[in-house]
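Let's take a walk through a sheet, a surface patch and some aromatic pairs. Have the structure open as you read.

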Amino acid sequence: MNHKVDSSESQILEDEIVELERKLQDAKSRLKARSNGTAISAPPAKVLQSNGPLAPSSHHFLLLLADSALPLGSFAFSSGLESYLAHTRPASSFPAFMKLSLSSIASTTLPFVLAAHRNPAYLIELDDTLDAAMMCTVGRRASVAQGRALLSIWDRSLSSASPPGVSLADIQVLKEFTILLRSASPTVSSDLPTASAHLGPLFGAIAHILDMSLGQTAYVFMLSHVKALLSAAVRASIFGPYHAQKVLASVEVQEGIQEVIKREWDTKIDDAGQSVPVMDLWVGRHEMLYSRIFNS
Amino acid sequence: MTSPFPSSSSAPGEGRLIVRLLPHSVSALSTITFQYPLKLISPSPSAHQKSVLVFLLTYGGGLVGGDRVHLTIDVRPNAKLSIVTQGHTKIFKSPSRDVVTRQQLRVNVEAGAGVCLLPDPVQPFGGSVYEQSQIFTLQDGASLCLLDWVSAGRTARGENWDFRAWSGRNEVWAAPKADAKARLLLRDNVLLEGDEAGSEGKLLKNNMHGLGLFGTLILKGPLLESLAAFFMAEFSVLPRIGARDFRSQEKVDKDSGIVLSKQELWRRNRLKQEQDDGLLWSAAKVRGCIVVKFGARTVEGGRTWVGSILKEEGSVETHFGEDSLMCVR
């Protein structure tokens, strides 16, 4: 564990160095521009360029993974929101639910995202352990559906564009994982799957290969969850798109995400668990709804 | 001065149980040892008992801040063990967050054997810090029925999830085989962190959303197969949430004249009880185990519910004997 903490701390320091070097370079180029009397603003094509190793493409992939157009199918899942509304009507409150949902996802899944980013070689093991720790049918289905979609995106779209200098061993891990997943025939209902493809560990591993930092990965993972909740809230007619954007932009969401990431940063995967037990009841009882617009 | 007595081999709170099968298919204890504050009692065996009954007790009826209990149990092939308690396991206040009261249970269940653990709920008092870890290693054909539940504390004194911290871990492992290492089948980990001193909001209370009791029931193995199927079947026929009755009044009158079968009648009463006690539950199949999660407004509501289902289905009583159910009725 100490080793992991060290590596994450040195990761933070490395990120900081890259950031500072970028600023220095930026300031130098501005000074140069000033003395040359040319335009001060950077050329538009270079907006995302910086001088850290692999940094340009990592920004690129950060934006891709954070994009709501990433075809994961997240819009089909409400992570228990729909069931929560049905169980608590008319006293339901979206902000209250979002807080519970953030805490719950962070305590159950975020340690697996972080662990897979820190060491993608353990992907198969992480996937299996997370599969054993998911206590409700609906939640498992949602996690596996999005995980498989992400693996397909990697396979068909991202892998051919992976940044230069990427570790071949890490790519090999994903290849092996895909083979393992395909070899487990879905028609045979086995009690113990060899691989399930849950979203959390795959997201961590792919973000690592695409050279995103650990902090970025955790933030994007949690933010995507908030975005999926808000998109579900809009379609469940709780509020409109402007209000959703307002919530997404709010300080509460920013601080809420930072807070849970800080809380789970050093959590070992063996100590991950449910911090909001009633969430398992809501998500599990989603199947009991008379009418549903979401898959979870 | 050195003690004239031989040094004790076991540490405080340690306990050991070994259950094996005697001729004529009677399960019996071959080892029972324990150290303060843990106490184990087993009534004298009878020739007709379906399983060995052991009371898991503590001196003074609870665990004081910093107490540790570590019980290791082996159940040999085809033997059966039931564990119960006498009243809630009370967890007393800890002087600070660092003083953790721990209860650890390690159980090895061999082929064809069964363990039924149906204790009373854990009752963490205000200010307590508790960590529970129950790890079961099952060989092929072993059976497990495990109930783990926690209450909001001394509700009569106005406590409502006022402890400092509570965590409950239940793990089920498939025993290592010749060609493979032990494999984790299920890890159910609930982590409840209380509010920090001085924080104004009642965060934990809000997280629990009006529940006064939260429980998990884990079923695995051939002895519990029919109970597991029963839970899944009952879950699938729960009335749909938000469904409306579109029948005409005439049809309703006609339908109410239909004589319900005994099971339908029981189900109707149970559903009414679920409604009255604010009981929510869900059942899921997780890698060969059935996990039932439930929450109720009151401890008694939860107890009545789980007891009623176990009694109606009947296989726990058939395989483990009537006494194994004493905490849930």
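## Terms and model

Buried means under 20% relative accessible area, exposed means over 50%, and partly exposed covers what lies in between. Please keep in mind that this is a predicted model.

## The sheet in chain B

Start with the open sheet of chain B, where seven strands follow the order S2-S1-S6-S9-S12-S14-S15 with mixed pairing. Strand S2 (26–34) and strand S15 (183–193) of chain B stand at the edges with a single partner strand each, so one side of each has no neighbour in the sheet. From one strand to the next, the twist averages 10 degrees.

Strand S9 (residues 101–109) of chain B has a covered face made of Thr101(B), Gln103(B), Leu105(B), Val107(B) and Val109(B). Its uncovered face carries Arg102(B), Gln104(B), Arg106(B) and Asn108(B).

S9(B) runs parallel to strand S6 (residues 68–75) of chain B, and eight bridges join the two. Leu105(B), from the covered face, has Leu71(B) opposite. With strand S12 (residues 129–138) of chain B, S9(B) pairs in the parallel sense over nine bridges. Arg102(B), from the uncovered face, stands opposite Glu131(B) in S12(B).

## A nonpolar surface patch

On the surface, Ile32(B), Phe34(B), Tyr36(B) and Tyr59(B) form a nonpolar patch with about 390 Å² of accessible area together. Tyr59(B) sits in the loop between strand S4 (52–58) and strand S5 (62–63) of chain B. With a relative accessible area of 36%, Tyr59(B) is partly exposed.

## Aromatic pairs

Over all chains, the count comes to 16 aromatic pairs. In one of them, the rings of Phe97(A) and Trp282(A) have centres 6.3 Å apart and planes at 45 degrees, so the pair is tilted. Phe97(A) belongs to helix H4 (residues 94–108) of chain A and Trp282(A) to helix H13 (residues 277–284) of chain A, so the pair ties together parts 185 residues apart in sequence. Phe97(A) is buried at 0% relative accessibility, and Trp282(A) is buried at 2%.

Tyr130(B) and Trp166(B) form a tilted pair, 6.3 Å centre to centre with 40 degrees between the planes. Tyr130(B) lies in strand S12 of chain B and Trp166(B) in strand S14 (residues 165–174) of chain B, so this pair ties together parts 36 residues apart in sequence. Tyr130(B) is buried at 1% relative accessible area, and Trp166(B) is buried at 3%.

How values were computed
Residues numbered from 1 in each chain as written. Chains lettered and ligands numbered in written order. Predicted model: local features only at pLDDT ≥ 70, side-chain atom pairs only at ≥ 80, totals over all residues. Heavy atoms only, no water. Buried < 20%, exposed > 50% of the residue type's maximum accessible area, 1.4 Å probe, protein only. Helix = DSSP H or I, 4+ residues; strand = E, 2+ residues; numbered from the N terminus. Pairing = 2+ DSSP bridges. Patch = residues over 30% accessible without salt bridge, like charges linked within 9 Å, V, L, I, M, F, W, Y side chains within 5 Å. Areas by Shrake-Rupley, 256 points an atom, 1.4 Å probe, with all protein chains shown as cover. Salt bridge = Lys/Arg side-chain N within 4 Å of Asp/Glu carboxyl O. Axes fitted to C-alpha atoms, helices over the stretch in contact; angles between N-to-C directions. Phe/Tyr/Trp six-rings, centres within 6.5 Å; stacked < 30°, edge-to-face > 60°.
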